[in-house]
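Please open the model in your viewer and keep the selection panel at hand. The stops below are given in the order in which to select them.

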Amino acid sequence: MTFNSLHFLIFFPIVVLIYFIIPPKIRYIWLLVSSYYFYMCWNAKYALLILFSTIATYLCGLLIHGIGKSWSEKKRNRFGKMCLALCIVANLGVLFFFKYFDFAFSSLQFLCGRVGIHLNHPEFDILLPVGISFYTFQALGYIIDVYRDESRVEKNFLKYALFVSFFPQLVAGPIERSENLLQQINKPTHFDVENARYGLFTMAYGLFLKMVVADNIAHVIDPVFQKYESYHGMIIVMCMMLFAFQIYCDFHGYTQIAIGSAKVLGFQLQENFKAPYLAGSIKEFWRNWHISLTSFFKDYLYIPLGGSRKGRFRKYVNTMIVFLASGLWHGASWAFVIWGGINGLYLVLYDMIRNVGKGMLHKLKIDTSAFGWKVLSRLVTFIFVDYAWIYFRAGGLREAFHIQSSIMRDFHLPYLFSETCWAIFGSYTTLLVILFSLFLILVADYFQYRGLDWKKAVLDQQIGYRWFVYIALLFMILVFGAYGTGNEQTQFIYFQF
C-alpha cells in the first residue's frame, strides 16, 4: 500500500475515524494494528522482521534499565555495553543479510577471482523488505539513547511496538527519535480541526510533489537513462538536472504525506527537508537534505568516532566514514558508496579551503551578501550536488562512467537550448506542467528557507482564497498527475532503501 494509491485513500479515513471514536486509552493499540496491516500489504512475512527488531530492542532496553542496583558501576557498565553490542549486532545482522549479502559476496567473489580462486554464489530467494533500513535505524536509535540515559525506557511493549512501526513514517521516514514520537504515543491525542486542516493540506502538497512533478519528470527521463548510449551528452545533462528535482520531489513528497497524515492523527513528525536546493554551500545542503538521516549519522556515528574533537585530520576521516556509510545505507552497490564518498570529499574540501576562500573574497572586495553572489553560490552548489547524483541514478559503476564519458564527449552548453534537447519532454503540455510546478516549488521552498510557514499562511486566508488554492491543487493532481500503465500508482524512490 502506497500513499498515492486508492487503497490508502480508503485505509486512512477509516483509521482516523475509528481512532477518534474509540476510548483514548486504547487508541495506540488501534494504531499498532493499523500499522502492521499497512506494512503487511506489501509482504505479510516480512512483518516478522519488524517484530524481531522490536522485541530485540525492547528486551535490551529493559535489561539495560534493570541492571542490578547492587552491582558495582564497572560491572553495570560492562553488562550494559554487552547488551547494547549484542542488540546492535543482531539488528544489523538481519539488515546485512537481506540488503547487503549479495553485494558483499559478489564483491568477495570478484576479488577472489582476480587471484584465481572461484567461489560459488549461494542462491537465496529473498526480496528486500520495504523500509528495513528506516525502522532498523529508528529502533537502534532508541536503544542507544536508553543506554546513554538520554531517553526513558518504554515498559509498555505495545506502545514501543507502535513507535517502531508507526505507519506514516514506517517505510521511508523521517527517522524519528524516541524522545519525540514515544512521548507523543504516551499522550492520547484528541481530534483538532486545525490539525486536520493543516495535515490534509500538507498531504495534498505531498501528492502534488510526487504525482505532478516527480512522476512526470520520471516519464521524461527514464527512457533516456534506459538507452543513454543513444542520446547526446547534453540531453543526459538535462536529464540529470531534472533527476535532481525528481528525487527531491519524490522523497519530499513522501515526507509531506507522512507528516500530514500524522498531523491529522495529532502527532508531530520532524521536517526532513528545508529547501536544500537553495543552499549556498555543500555544508548547508547537507544540513537541509534528509535531515533525520544526517542527524542520525552525526549523533550515532560521527560524534562517537570523535567528531571534530581530535584534530582536523581525524575530523576529515570521520566525515568520510560517515558519508561512505551513508552511501552504503542507500543501496548495496559501489555506485552508492562512491556517491557518498564524493559528497564526503566535497565537505572535506569545503572545510579545508573555507578560510582561504574568505580571505581571497575579502582581498578581491567581493560582497558575499550581494544578490549576484548568492545566486552564483547556489548555482555552483547545485552543479556539484547534481554531478554526484550521476552515481545515485546510474545504478552501477559502469553505467555511471559511461554517462560521464558521454557528457564529456558531447559537452556543448548551447545544445541545451536546442529544439532537439527539449524534444525529450514529448509535448508542450508536459514541459509547461513541469516548469510551472518547479517554479511553484521553488517559491514554496524560498518561504520555508526564510523561516516562513507558507502552508499556515494559506490556511489563515479568507475562505475564498483558501478554497481557490485547494481546488487548484486538487485540479493539478487529478488532471496533470502522472499514473502508471492502467492508472496504477507508482512507487516512491526511497522505498528501495
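Begin by selecting D149, which is exposed, with a relative accessible area of 68% (exposed means over 50% relative accessible area, buried under 20%, and partly exposed in between, with a 1.4 Å probe and protein chains only). D149 sits in the loop between α5 (132-147) and α6 (157-165), where helices are DSSP runs of H or I with at least four residues, numbered from the N terminus. Although D149 is not a glycine, its phi is positive, at about 65 degrees.

Before moving on, note that this is a predicted model, in which local features need pLDDT of at least 70 and side-chain atom pairs count only at pLDDT 80 or more, while totals for chains, interfaces and linings use all residues. Residues are numbered from 1 along each chain as its sequence is written, and side-chain values use heavy atoms, with hydrogens and water left out.

Select H290 next, in the loop between α10 (282-288) and α11 (291-302). Its phi is also positive, near 45 degrees, in a residue other than glycine, and H290 counts as buried because its relative accessibility is 1%.

Then go to T2, in the segment before α1 (6-21). Is T2 buried or exposed? T2 is buried, because its relative accessible area is 1%. Show its side chain together with that of N4, since the two are joined by a polar contact of 2.9 Å (a pair of N or O atoms within 3.5 Å; within protein, one must be able to donate a hydrogen and the other to accept it, and residues adjacent in sequence count only if both atoms are side-chain atoms).

Finish at L6, found in helix α1, which is exposed, with a relative accessible area of 60%.

Methods: Helices (H or I, at least four residues) and strands (E, at least two) are DSSP runs, numbered from the N terminus.
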